[in-house]
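Biologist: Could you walk me through this one slowly? I am new to reading structures.

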Amino acid sequence: MTAIISFGILMALGLALFCVIKWGNVRNVGVTPVHLFTFIAILFTSGLDVGLIMFPLAWDFPLYADTAAEPAYAFTNPLALEFGFWGFLIWAFYFLTTFYFCVIEPRVKFFEIPIVKLINNIVIIGTCAFTGALFLIYLPYYATFMGDGETIIPAFYVITFLVILFAAFSSTDIKYVRVLSIASTGLFAALIIFMWAFAGMGLGGLASSASNIGGYFTNIHKFILPMTDYHEFYLFWWFAWSIMIGQFTSRFVGGLKTWHVLAALLVIPSIPLGLWFSVLYYYHLNSVELTLMINVSMMVVGIIFVINSFDSLIRLYTDNLNLTVARFGTVPYVLGNALVLFGLTLAFQSQWLQIQWIGTVVIGLYVACIAYIVTTKRAEVMAIDSSPEDRQLDFHKIDNVH
């Protein structure tokens, strides 16, 4: 598996660099363009899931700090490692697929080939369920007021199903995407400020903690290829998300040049990520107790992130497969999606399915797409000098889409 993910990463980063060099000044216009803040909010909340909230304190920081058990992490500090697993360069995956689906796919239509469409939607559904499984597995750590902090009790299954059910309902109208994304971005910012103030860090404490992120940038080359099995898991996870997030968020690009899209994706999401991890790292280093209020706040924001992720992915695969509200009606649509995804969530939670398998399939789709373009569409792709001609930079278009 290490060879597969290593090949996939080098291929994706190479393609991203090629796209910037070849089409750097092409303006990217999606089918329903939105302003930059809304686009980033949609990307940030759809492209990240509950792991962002629940992993660092519950699992990641203690793991990275134990260099006796895992010497590979000894070259830098846990905060730099966490940032490297979630921020900056890794967002080049999302840039590549966002650009592809915005500018190239309308001319190529590779993902409209029936077998490719089927495989892609199986990937979307499976990754969606994996998000639910992560939420279910880590929920006990934050909902200690409902259990012992370790055991998944029946109430957690109910909460997970209700979250999926709500997301299925919100996916019935695309206007909810904008509302949910902006609201969850605001709530995430409020959570950072609340936890920063509660810990009494002050600006000095925040700056001191954040300075550890420099360990990522001085060692950025070490984050490209998998350094451990756990890093490999993260990279497969990012690959699993990459195609579907690009397919979804490409709809909302609002006229940015290609190199602006890359810069925006690398830098803008990394700022809140860096602040969030810096605050959590202070909690980790100083053993700040997680009170009931903090646990509840983190759980609420985590739930909103899960709903965002499910909302965008459900809408994507139901549109692709014509399993729409207009065809089936609201109640069958909502219940059908909720039941299927909850069943698959339980499959991931039991380890019957693994995200590495899905990531491998996605890498295969990358290779197949490149081969298809080279053999059948090379001239058309190399001649591209703009977004599709039918695209209009109309920021009000999304108000009329349902």
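Biologist: What share of the 402 residues counts as buried?

Modeller: This is a predicted model, where local features need pLDDT of at least 70, side-chain atom pairs count only at pLDDT 80 or more, and totals for chains, interfaces and linings use all residues. Residues are numbered from 1 along each chain as its sequence is written, and side-chain values use heavy atoms, with hydrogens and water left out. Buried means under 20% relative accessible area, exposed over 50%, and partly exposed in between (1.4 Å probe, protein chains only). Of the 402 residues, the buried share is 55%.

Biologist: Is Thr318 buried or exposed?

Modeller: Thr318 lies in helix α14, residues 292-320; helices are DSSP runs of H or I with at least four residues, numbered from the N terminus. Its relative accessible area is 1%, so Thr318 is buried.

Biologist: Which residues is Thr318 in contact with, leaving aside its neighbours within four places in sequence?

Modeller: Contact means heavy atoms within 4.5 Å. With those sequence neighbours set aside, the partners of Thr318 are Leu323, Thr324, Tyr333 and Asn337.

Biologist: And how does Ile268 count at 30% relative accessibility?

Modeller: Ile268 sits in the loop between α12 (258-267) and α13 (270-286). Its relative accessibility is 30%, so Ile268 counts as partly exposed.

Biologist: What is the radius of gyration of the protein?

Modeller: The radius is taken over C-alpha atoms, and the globule rule is 2.2 Å times the number of residues to the power 0.38. For 402 residues a compact globule would come out near 21 Å, and the protein agrees, because its own value is 21 Å.

Definitions and conventions:
Helices (H or I, at least four residues) and strands (E, at least two) are DSSP runs, numbered from the N terminus.
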